[in-house]
Amino acid sequence: MWKWKRKEKQQPEKQQQTKKQNGSLSEFIQAMQQSEDFVHYKLSGSTRCTISYLKTMSDSKILNRSVLSILNSESLHTLHDMRERIPVENIRVTSKLELIEEKVMFGYIMVQIHEKDEEVLLVPAVSLESRDVGIPEVEFSVVGPKEAFVETLNTNINLIRKRLPLPQLTVKETNIGKVTKTRVAVVYIDGVANKDNVETVEQRLKGIEIDQLTDSSFVTQVIADNSNSPFPQLLDTERPDRVVSNLVEGKVAILVEGSPHALTCPTTVVEFFGASDDYFLPWHLATAFRLIRLFAVIFSVLSTPLYVAVLTYHHEMIPGALMATIVSSRSDIPFPPILEVIVLELTIELLREAGARLPTKIGQTIGIVGGIVIGTAAVDAGLTSNVLLIIVALSALASFTTPVYQIGNTIRLIRFPFIIGAQLWGLIGVSMCMVFFIGHLIKLQSIGRPFFEPLYPLRIKDLKDSFIRLPFNKQTERPVLTRSEDTQRMNPSRVNAKRDIDE
Amino acid sequence: MNKLNNSQGLNIPENYLVTPAYVFFLIHSMQVGVGILGFEKYLVEKAGFDAWISILIAGGILHVILWMIYRLLQNGGGDIVEIHKSIFGKYLGGFLSLLFCAYFTLLAFTVLITFIEVIKVWVFPGMHVWVFAFVLLFLVYYLVSGGFRVITGICLISVIIGLPILLLKYFPVEAGHTMNIYPAVSHSIPGILGATKQSILSFLGLEFLLIYYPFIKNPQKSKKWAHYGVFYTTMIYLISVLVTFVYYSEEQLKQVVWGTISAWKIVEFPFIERFEFVGIAMWLYVVLPNICLGLWGATRIPKRVFNVKQKYMVIIFCIAIYFPTVLIDGRPMIDVVNNLSGQLGMYVLMYIPVLLVLKTISDKVRKRT
C-alpha cells in the first residue's frame with residue numbers, strides 16, 4: 001500500500017520537473033527580475049550584448065576588471081569570441097537551462113548576444129563570503145594543530161588536501177536537498193578505504209530525501225543505520241587533522257557545504273572518547289587520560305542512579321561511618337532521593353542549556369551564579385543534601401570530558417532511564433538498564449560496521465587504540481573495523497628493528 | 001560459509017555468523033547460570049566435602065559428551081532438526097525436535113524463576129513479580145530479536161563482567177579454614193557418583209550447540225574453544241566449591257540454600273558493605289544469556305520445523321513464559337521445576353550418545369544402499 005502511495009506522490013513531482021524544463025530562459029529572467037539584487041541590462045559599447053547577474057552573489061571586481069573592460073574595449077560578436085578574450089578561467093557557453101539557472105544562482109555572470117538568445121556565456125564570478133579559518137572551539141587541544149573547519153566546502157577540502165598531498169585522495173560531490181541543493185562531498189583515499197564502505201556512503205547519500213540540508217548533522221541523522229538511537233553513528237569533528245588521520249586509517253569522510261563539521265565513518269562508540277590530544281602526548285599519558293575519561297563517563301552516567309538505588313533500597317550497603325555522614329546531610333531533606341536527584345539534575349541541565357544559548361561571557365557568569373548561588377541556597381534551604389550536590393556537580397563535570405560534543409549530549413540524556421530504573425528496582429534496575437544499553441550498542445551499526453567494536457566483536461588488534469593507546473610502533477596495521485584494502489600502515493619489521501648496543 | 005549448508009533454512013549469510021572463538025563464551029555463559037549461586041548444598045548432601053571430586057568427574061563426562069555432539073554435527077548436515085529428520089523422518093523427527101524446543105524453553109523458564117526467587121529472597125521480598133517479569137522479558141525480547149550475534153555479544157559481556165565477581169572469592173578464603181577439605185576422599189564411590197549426577201545439572205547448557213552450530217564460521221575450528229569453555233566452567237565450579245568448603249563447615253552448608261550469595265555478605269570495602277546486592281545485580285548479566293539463548297534456541301526449532309517466522313515465535317514464547325512466571329510462587333514449586341528441568345537435562349545428555357549411535361548406523365545403512 002505504501003509503495004502505491006509513494007508512486008502516486010512521485011508522479012506530480014515528475015510533472016513539475018518537465019514543466020520546469022519547458023520553461024524558457026526569458027521566463028527565468030522574468031522570475032529573477034522580481035528580486036532587487038538581480039541586475040539585467042544591455043551593453044551598448046563596442047560589443048552589444050545583454051548582461052545579467054546577481055549582484056549579491058557575484059564579485060564586482062571580476063565583472064569590472066575582466067568582463068566589462070574587455071567587452072567595452074573590443075568588438076566581439078560571438079559568444080565563442082568572448083570566451084577566448086575574457087581573461088577568466090572556466091567560462092562556458094551553454095544553452096542548458098538547468099545549468100544556467102544553477103550557475104546564475106551561484107553568482108555566475110550570464111552574457112547573451114541578444115536578449116532572446118537561448119545560448120549564453122557563463123562567466124564564473126562567484127564571491128564567497130566566508131569566515132577565516134579559526135581555532136577549534138568545540139574540540140580544543142592544548143598542543144597540536146589549531147585549525148578548524150569553516151563553513152565553506154572548498155576551504156575545508158583545502159584544509160584536508162594540504163595535509164594529504166596524494167593523488168589517491170578522492171573527492172566526490174553530489175547535491176542534496178530538494179530546495180537547498182547543498183553540495184556534499186565524500187572524501188576518501190582510494191586504495192586504502194574499503195570500496196564497500198564508500199559505496200554504502202554514496203548510496204545512502206543518494207537515497208536522502210530531504211528539502212533542506214543546512215548542516216552536516218542532518219546527514220548524520222538521515223543516513224544513520226538506526227535513526228531512533230540516541231547514539232550518533234557518525235563521528236563529527238571540526239578538526240582537519242582528525243579527519244586526515246581517520247582517512248589514513250581507511251575511513252570515509254563526508255563534508256557538507258555550509259557546515260564547519262566533517263563526518264567520518266565507520267566509527268565506534270569508543271572512538272567518541274578519544275581526543276586528538278591523545279596522539280600528541282606520550283602513549284602512557286594518553287592511555288591514562290583515556291582511562292580517566294572512560295571512568296568519568298561511567299561515573300557521570302551511574303553516580304546519581306546509584307545514589308538513588310542505594311539510599312532508597314540498599315542502605316545496608318553503606319558502611320556505618322559513611323552512613324553517618326550521609327544521614328546528617330540528608331536528615332532535614334523532606335524529599336525522597338529520587339525527587340531530590342531529578343530536581344537537581346534538571347537544574348544542572350537548565351544551567352547547561354542556558355549557558356549554551358547565551359554569549360560566552362554572560363554564559364560563564366550564569367554558570368557561576370547559577371551553580372554556586374542556587375547550589376548553596378538549595379542546600380541551605382534544606383531542599384537537597386550536600387552529598388548529592390557534590391555528586392551531581394561531579395557527574396556534570398565528568399560528562400564534559402568527552403572530546404566529541406555529540407556523545408556528551410547522549411550521556412546527558414541516558415542517565416535519566418538509569419535513574420528511573422534505580423527507583424524501580426534499585427541496583428537490579430540499574431543493571432537492567434545497563435544491559436539494555438549494552439544490547440542496544442551491540443545491535444547498532446555504523447555504515448554496516450559494528451558500532452560496539454572492538455569490544456564486540458572482540459578484536460584484540462583494535463583494542464590497541466581504544467581504551468588505551470599503544471605507541472605508534474605497535475600500531476603497524478590499520479584498524480580491522482575499516483576493512484581497509486591496504487592493511488599495513490608501515491613496515492613492522494623496519495619499525496621494530498632491534499638494534500644492538502652501540503650500533 | 002559452511003559447506004554443510006545444503007538444506008533450506010540453514011543457509012545463513014556470512015554476516016550473521018560468529019567466529020569459532022565465541023563458542024567458548026557461548027558454552028561457558030550458558031553453563032553458568034543461577035545454579036552456581038547455591039549448588040554446593042546439593043553436592044554436600046551426597047558426597048560431603050569430597051564433592052569437588054564429583055565436579056571433576058562431571059567435567060570429564062561433559063568433555064566426552066561435547067566430543068559426541070561434535071561427532072554428531074560433523075556429518076549431521078546442520079543442526080539437531082536436520083539430524084532428527086534424517087534419522088527418524090519428517091514426522092517423528094519433527095516431534096523429537098519439538099521436545100528439544102520444550103526442553104530449551106523449560107531451561108530458560110527455570111533460570112528466570114530461580115533468578116526472580118533469588119531477588120525476592122535477598123533483595124525485594126515484596127516485589128511485584130508481574131511488573132518485573134514483564135520488563136525482564138521485554139528486555140529478553142529486545143535482545144533475542146537482535147539475532148544470534150547480539151546474543152553472542154551478551155554472552156561475551158556476561159563472561160567479562162563475571163570475571164571481577166570471581167575475585168570476590170578471596171574474602172571467604174581469607175576468613176575460612178583450609179583444613180576443612182581434609183581428609184580427602186572419605187566418602188564412598190556411590191556417594192561421589194551421586195554428587196556427580198547432581199553436579200552435571202550445573203553443566204547443562206552445552207546441548208545448545210546442537211541448534212546454533214550452523215551459526216559458527218568454520219565450525220570444525222570451534223571444537224577446541226568449546227572444550228576450553230567446558231574446562232573453564234569446570235575450573236570455576238571447582239574454585240567455587242572449594243571456596244565454599246573452606247568457608248562453611250559441612251553441617252552448616254547443608255542448611256544454607258544460597259552458599260555463594262551468603263559468602264558475598266562478608267565482602268567489605270571502605271565505601272561498600274554487604275556485597276550481595278551488587279553481586280545479585282551483576283548476576284543479571286550471567287542470567288540473561290541463559291534466558292536469551294534458551295528462548296532463541298527454543299524459537300529457532302519451530303522456525304526450522306514449521307518454517308514460521310521466528311520473531312512472532314519469540315513474542316509467543318515470551319508471553320507463554322510470562323504467565324507461569326507470575327503464577328509460580330514459593331520455594332517448593334521452584335524446586336519442582338528445577339528438578340524437572342534437571343531430570344530432562346539428564347535425559348537429553350543421555351540421549352546424545354544414543355543419537356550418535358543411531359546416526360552412525362543409519363549413515364552406514366545408507367552408504368550400503
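Select Asn175(A) and Arg183(A): Asn175(A) stands opposite Arg183(A), which belongs to β7(A). This is a predicted model, in which local features need pLDDT of at least 70 and side-chain atom pairs count only at pLDDT 80 or more, while totals for chains, interfaces and linings use all residues. Residues are numbered from 1 along each chain as its sequence is written, and chains are lettered from A and ligands numbered from 1 in the order in which they are written.

Strand β6 (residues 169–176) of chain A runs antiparallel to β7(A), with eight bridges between them; strands (E, at least two residues) and helices (H or I, at least four) are DSSP runs, numbered from the N terminus, and two strands pair if DSSP finds at least two bridges between them. Five residues separate the strands in this hairpin, where Gly177(A) has a positive phi near 110 degrees.

Pick Val187(A) here; its bridge partner in β9(A) is Ala253(A).

Next, colour chain A by domain: domain 1 (25–123), domain 2 (153–269) and domain 3 (281–443), with bounds from an automatic or database domain assignment. The C-alpha centres of domain 1 and domain 2 of chain A are 34 Å apart.

Move to the open, antiparallel sheet of five strands in chain A, ordered β1-β2-β4-β5-β3. β1(A) and β2 (residues 48–54) of chain A are antiparallel and share seven bridges; select Leu43(A) to find Cys49(A) of β2(A) opposite.

For the transmembrane spans, the unreviewed UniProt entry lists residues 291–313, 363–381, 387–406 and 418–442 of chain A under "transmembrane region"; such annotations may be inferred rather than shown by experiment. Residues 291–313 of chain A are 96% helix and 0% strand, with end C-alpha atoms 31 Å apart. For residues 363–381 of chain A the figures are 95% helix, 0% strand and 26 Å.

Finish at the contact between the chains, which takes 20 residues from chain A and 27 from chain B; residues are in contact if their C-beta atoms, placed from the backbone, lie within 7 Å. On the chain B side, α6 (129–144), α7 (148–167) and α14 (276–306) each supply at least two residues. The largest share, eight residues, comes from α14(B).

Conventions: Contact = placed C-beta atoms within 7 Å.
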